[in-house]
Amino acid sequence: MIQYETIREGVSRCLVKAGTTFRADQIAAYRSAIEKETNRNARWVLERLLENAEIAEKNVFPLCDDTGIPHLYVEIGNDLQLPQGWLAAIHEGVAKGLRTMPGRPMAVKGDDIERVEQSQGLSDDPADVLPVPVITRPVPGNRLGVTVLLLGGGPEIRAKTYRVFHKRSIKTVLDEAASWMLTEVKSLGCTPSILAIGVGRSHTEASMRMIEAMKSGDLRKQSAWERKITDRVNEEKAGALGLGGDFSVLGTFLNIGPLRASGVRIVSVRPCCCVEPRRATVFFEPDNTVTID
């Protein structure tokens, strides 16, 4: 059986990796954009962002000073027996990882009203930045997978979840979603972005599908519709850091869930910032073997 301590330590290491390294598809996308960018200033920004990622990975430094809010996506094998307190072990791993990286101490202190008003200041402990409630999925097999996403504040300001009258057309739905981002990507500041889009039956489900898009998306494997959305936003020429240029967006991650008989689709779109999605996944085998991707 997977041990409690194995889960805690594995999740801690996974969080640190998520917050300090670019994925292989991110690196490839940046290199491609640098090669193709025609705006000199924007190309310089892209080069510096890739250099920043290389330094962060080498020195195990956070990719950004906004180290993000932990979002966890847990896949549990149908044949797996988990130890008592396995979810507590995951939460302890998140806390340890935030202290190790370290995360930015930005948890607001106080009761409900005091937290909203931010009247009691901030906690000094990075681990007080609690993770969002965990998404869980059953999967075939006998291993446990935990994906850690660290999501910053800027994209949350520019994200949108709303209904779209689909008119029996996927083009109508995705054109509308892309149109929301024409202004928001320009205003984001920390571009190039990656657009994460979820489509579902409710606001909750669409938002969850948007998280799944970030969890599974790969810039090296873009569907025709993902490419169309990316091209549409790039036509606006906002460019890296809003300086103009060819790459406002490096790619799009799209996840469409089950849908109901209705005239509307609920769509959630998040314009990830230039270091996102910050993501890593740790896998636990029954013999306590741990691998981090």
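The following questions and answers set values from this predicted model against the definitions behind them.

Residues are numbered from 1 along each chain as its sequence is written, and side-chain values use heavy atoms, without hydrogens and water. In this predicted model, local features need pLDDT of at least 70 and side-chain atom pairs count only at pLDDT 80 or more, while totals for chains, interfaces and linings use all residues.

Q: Where do the bounds of domain 1 and domain 2 lie?
A: Domain 1 comprises 1-21 + 63-151 + 278-292, and domain 2 comprises 153-272; such bounds come from an automatic or database domain assignment. The contact (heavy atoms within 4.5 Å) takes 10 residues from domain 1 and 12 residues from domain 2.

Q: How much area do domain 1 and domain 2 bury between them?
A: Buried area is the accessible area (1.4 Å probe) that two parts lose on being put together, summed over both. For domain 1 and domain 2 this is about 960 Å², 57% of it on carbon and sulfur atoms.

Q: Why are strand 2 and strand 9 placed at the edges?
A: Strands are DSSP runs (E, at least two residues), numbered from the N terminus, as are helices (H or I, at least four). Two strands pair if DSSP finds at least two bridges between them. The open sheet of five strands has the order 2-1-3-8-9, with mixed pairing. Strand 2 (135-139) and strand 9 (290-292) each have a single partner strand, so one side of each lacks a neighbour in the sheet.

Q: At what angle does helix 8 run to strand 5?
A: Axes are lines fitted to C-alpha atoms, for helices over the stretch in contact, and angles run from 0 to 180 degrees between N-to-C directions. On that scale, helix 8 (residues 203-216) runs at about 140° to strand 5 and lies across strand 4, strand 5, strand 6 and strand 7.
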